[in-house]
Amino acid sequence: MRAEWRAHWPAALTASIGVATGYSMFQYNASQFIQPWQQAFGWSRGEIAIAQNGLIVAALLSPVAGMLLDRYGVRRPLLAAIVATVLAYGAMALNNGSLALFYGTYFILQIVGLLTTGLAFTRVVAERFDASCGLALASTRIGLSLFGIFLPSLLHSVIAGYGWRSGFLLLAAILLLVGLPVSFFGVRPVKRAAGGVPAADHSRPTRVIGGAIGWRTIMICLAAGFGYAPITAILSQLQPLLTGKGLAGSEAAMLTGLLAGSVILGVVITGLLVDRIWAPLVAAVVTLAPVGGLLILLLDDPSLTLLAAAVTLIGMAQGAEIDLVAFLVRRYHPLNHYSRIYGLTILCNILFGIVGHVGMAFVYDATGDYRIGLLACIGSLILSVAAFLALGRYPQLQTQRTP
């Protein structure tokens, strides 16, 4: 394990900063734009949530993008996507109240932003680490968590002081001035192993016993989707949900930062455990944790302390969930299939997440609260646990490993 970290820690650091400054940064903070859009243009929360339907196309493209990364590597597609995402942020800031323009620019942001997420950056880590792959994959989320501690409050202050358009310009500046140079200098092809043999052969796919894509792939995808949808639903409405519990906007933003900080705890704990304990069991326990947080959010008048506990439980699971799925893809499939299989899990995450995101917003529009949506989230988490536990033991993989 130590030898892997001595050789490849720059790649892990690059991936951590890259994920933190990419499209995932916007996903963490998108709920802060909901109320300013309502006030500026009179849009309902349901109308705003419809923009998430663009993720359906992004979801369908995820396996294709994964095949591209498996075949040609990460560097060139990633750098092009970063530049395009910066431009998309700028286009979002130019909206004049047209829903059609809003849907169009949001759609472009979702498509190009896809390649600035863990789909690209976890590949950088997975092809370099083996014995400590769980911890290395977990480290890709730490940067996003650290950014998330202060960014929600900073973004809230920028939006409150200068308008929501300035919020998008802030996100664009972070990606352009931090994410782009770090990725440009830090993402490089894997070095060849001794004797000139490539460390990871991108040209000849290997297979898992029983087929490259089989029932375990389906179980991982279902576990990912049912586990990701509730977290996405909560994050998409977190700011208005918390202010609806009587918190001031600044307090809600502070708890959003606490949620991001708690991700670090979930990331580190699960990263250490999955390298030592059967990963589906770890995933099942972590997935059940946010149920306690959701039960707190169902209370009519929870205290600030209880709400802090709720977002902490949700944040721990949110941080662990994506890294656990990436680790399971790495352990149950050969490396040469990693990105395309991981792309399939993203497909499920996005499709299930859209249902959760849009459903939560429309439930609020129809009933005036989030109670029914929160109960549905609890049921989804239980289904995710069942899918994780159905995976069985790790298979024997016939693939080359990175030294």
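**Briefing: helix packing, core and selected residues**

N349 is found in helix α17. Helix α17 covers residues 338–367 and packs with helix α12, residues 215–236. The model is predicted, so local features need pLDDT of at least 70 and side-chain atom pairs count only at pLDDT 80 or more, while totals for chains, interfaces and linings use all residues. Residues are numbered from 1 along each chain as its sequence is written, and side-chain values use heavy atoms, with hydrogens and water left out. Helices (H or I, at least four residues) are DSSP runs, numbered from the N terminus.

- N349 is buried, at a relative accessible area of 11%. Buried means under 20% relative accessible area, exposed over 50%, and partly exposed in between (1.4 Å probe, protein chains only).
- Leaving aside neighbours within four places in sequence, N349 is in contact with A224, G225 and Y228. Contact means heavy atoms within 4.5 Å.
- Helices α12 and α17 pack at an angle of about 35°, and their axes are 7 Å apart. Axes are lines fitted to C-alpha atoms, for helices over the stretch in contact; angles run from 0 to 180 degrees between N-to-C directions.
- The crossing of α12 past α17 is right-handed. A crossing is right-handed if the near helix is turned clockwise from the far one by less than a right angle, and left-handed if anticlockwise.
- The contact of α12 with α17 has 14 nonpolar, nine polar and no charged residues. Ala, Val, Leu, Ile, Met, Phe, Trp, Tyr, Cys and Pro count as nonpolar; Asp, Glu, Lys and Arg count as charged; the others, Gly among them, count as polar.

**The α5/α7 pair**

- Helix α5 (residues 54–72) packs with helix α7 (residues 99–113) at an angle of about 20°, with axes 8 Å apart.
- That angle makes α5 roughly parallel to α7. Angles under 35 degrees count as roughly parallel, over 145 as roughly antiparallel, 65 to 115 as roughly perpendicular and the rest as oblique.
- α5 passes α7 in a right-handed crossing.
- From α5, the contact uses G54, L55, V57, A58 and L61; from α7, it uses F107, Q110 and I111.
- By class, these contact residues are six nonpolar, two polar and no charged.

**Nonpolar core**

- The largest nonpolar core has 121 residues. Such a core is a set of buried Ala, Val, Leu, Ile, Met, Phe, Trp, Tyr and Cys residues joined through side-chain atoms within 4.5 Å.
- F26, F33, W37, Y106, F168, L294 and L374 have the most contacts inside this core.
- Helix α16 (residues 304–332) gives the largest share of the core, 14 residues.
- Beyond four places in sequence, W37 is in contact with G42, W43, I48, M92, F102, Y106, W164 and F168.

**Partly exposed residues**

- L68 is in helix α5 and is partly exposed, at 35% relative accessibility.
- L68 touches G73 and P77, not counting residues up to four places away in sequence.
- L68 and S339 are 271 residues apart in sequence, yet 8.4 Å apart C-alpha to C-alpha.
- Q27 is in helix α2, residues 23–29. Q27 is partly exposed at 31% relative accessibility.
- R188 sits in the loop between α11 (164–186) and α12. R188 is partly exposed, with a relative accessible area of 42%.
- R188 touches R75 and R128, residues up to four places away in sequence not being counted.
- R188 and V74 are 114 residues apart in sequence and 8.2 Å apart C-alpha to C-alpha.

Conventions. Helices (H or I, at least four residues) and strands (E, at least two) are DSSP runs, numbered from the N terminus.
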